[in-house]
Amino acid sequence: MPLSAKFTAVILATSPIYSSAAPIIKLIKSINQSTNVAQVIVLWHVEHPLPPKTRWPTTYFPLTVVEGGTKQIGDRFKPVSMIKTDAVLSLDEDTVLTTDEIDFAFSVWKSFPDRIVGYPARSHYWDEGQHRWAYTSKWTNEYSMVLTGAAFYHRYYHHLYSETLPKVLLDHVNSINNCEDILMNFLVASVTHLPPIKVSQRKCYKQLLMGDDPKGKSSWRSPEHFLQRQNCMNLFAENFGTMPLTRSQMRLDPQLYQDPVGNFRRRYRQIELVNDGCKPS
């Protein structure tokens, strides 16, 4: 398979790896079962030293860990010369996806290479009482964002994000260590005037939402984190001069997407078995 027909996975690592049961290790193993991956790049934004090579899983593709740099959250969208594929799979370290989910999302992205295609969907609305834009993670029939903790997009958006967005927005995202995914959705929507694409039925894509962190201390679950995202919506809309996000009700599933016969529908049979068992937040 030519390189152009594959994807590069970029994983943002922010936690040390203490064992082979670490979420990032499980994630790399899921990626390793895909025949569509060209390489995996891990952005090591961890204060601890790198774990020994023996702790990383064996892969058939190049696995590169990038250390140093500013360790800012916006680094995940910086143009990287080692990315040779058009398709980029952006992942948080605690993302939980099966190989079938990865491959199906990639097959959808190849038909919509200008869009963000992925799993965690969010939406926005105009709050009449507050007279401002609001961000919501509630499950509804509509969405306007697909978060880049588990999503495909074209590598060209790395250039647009780093080189064309106002510095005040990039600095704000890095200063609060939040909202880079929302800003990328604003950027892509402003270019395409189209919504992202949500695939499959999975709602929870974080391992911490699946019972692995009973204390629930993750920063992205805190009220402050959510308030920051509310404020980002309005800061971004003000700087863009408009609200570029577009709502959609479309969700693509394997059994509905380009499947001419029943037997072919089971090509992504793992997806049909996904039951994340999470509750809306």
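Asp-114 lies in the loop between α2 and β5, where helices (H or I, at least four residues) and strands (E, at least two) are DSSP runs numbered from the N terminus. This is a predicted model, in which local features need pLDDT of at least 70 and side-chain atom pairs count only at pLDDT 80 or more, while totals for chains, interfaces and linings use all residues. Residues are numbered from 1 along each chain as its sequence is written, and side-chain values use heavy atoms, with hydrogens and water left out. The protein has eight helices and 11 strands. Of its 281 residues, 51% are buried; buried means under 20% relative accessible area, exposed over 50%, and partly exposed in between, with a 1.4 Å probe and protein chains only.

- Among contacts with a separation of 6 or more, 78% join residues 24 or more positions apart, a contact being heavy atoms within 4.5 Å.
- Asp-114 is partly exposed, at a relative accessible area of 33%.
- Not counting residues up to four places away in sequence, Asp-114 touches Tyr-157, Val-188, Thr-192 and Leu-194.
- From C-alpha to C-alpha, Asp-114 and Ala-189 are 9.7 Å apart in space, and they are 75 residues apart in sequence.

**The eight-stranded sheet**

- Eight strands form an open sheet with mixed pairing, in the order β3-β2-β1-β4-β9-β5-β10-β11; two strands pair if DSSP finds at least two bridges between them.
- Strands of a sheet pair through backbone hydrogen bonds, either parallel or antiparallel.
- β1 (residues 7-13) and β4 (residues 87-92) pair in the parallel sense over six bridges; Ile-11 stands opposite Leu-91 in β4, and Ala-9 has Leu-89 of β4 as its bridge partner.
- β1 and β2 also run parallel, joined by seven bridges, and the partner of Thr-8 in β2 is Gln-39.
- Seven of the seven residues of β1 are buried, so this strand is largely enclosed by the rest of the structure.
- Both faces of β1 are covered, with Phe-7, Ala-9, Ile-11 and Ala-13 buried on one side and Thr-8, Val-10 and Leu-12 buried on the other.
- In a regular strand the side chains alternate between the two faces of the sheet.

- β1, α1 and β2 make a right-handed β-α-β unit: with the strands pointing away from the viewer, the path from the first strand over the helix to the second runs clockwise.

**The three-stranded sheet**

- A second open sheet has three strands in the order β7-β6-β8, with antiparallel pairing.
- β7 and β8 (145-146) are at the edges with a single partner strand each, so one side of each is left without a neighbour in the sheet.
- Helix α6 packs on this sheet and touches β6, β7 and β8, its direction making about 135° with that of β7; axes are lines fitted to C-alpha atoms, for helices over the stretch in contact, and angles run from 0 to 180 degrees between N-to-C directions.
- β6 (residues 121-127) and β7 (residues 132-136) run antiparallel and are joined by five bridges, with His-124 opposite Tyr-135 in β7.
- The hairpin of β6 and β7 has four residues between the strands, and His-131 in its turn has a positive phi of about 55°.
- β6 and β8 pair in the antiparallel sense over two bridges; Ala-121 stands opposite Val-146 in β8.

**Helix-helix packing**

- α4 (residues 167-176) and α6 (residues 223-240) pack at an angle of about 170°, with their axes 11 Å apart.
- α4 and α6 are therefore roughly antiparallel to each other; angles under 35 degrees count as roughly parallel, over 145 as roughly antiparallel, 65 to 115 as roughly perpendicular and the rest as oblique.
- The residues making this contact include Val-168, Leu-169 and His-172 of α4 and Cys-232, Leu-235 and Phe-236 of α6.
- By class, the contact of α4 with α6 has eight nonpolar, three polar and no charged residues; Ala, Val, Leu, Ile, Met, Phe, Trp, Tyr, Cys and Pro count as nonpolar, Asp, Glu, Lys and Arg as charged, and the others, Gly among them, as polar.
- α3 (residues 156-164) and α5 (residues 180-192) pack at an angle of about 105°, their axes 11 Å apart, and are therefore roughly perpendicular to each other.
- In this contact, residues of α3 including Tyr-157 and Leu-160 meet residues of α5 including Val-188 and Thr-192.
- The contact of α3 with α5 has eight nonpolar, two polar and one charged residues by class.
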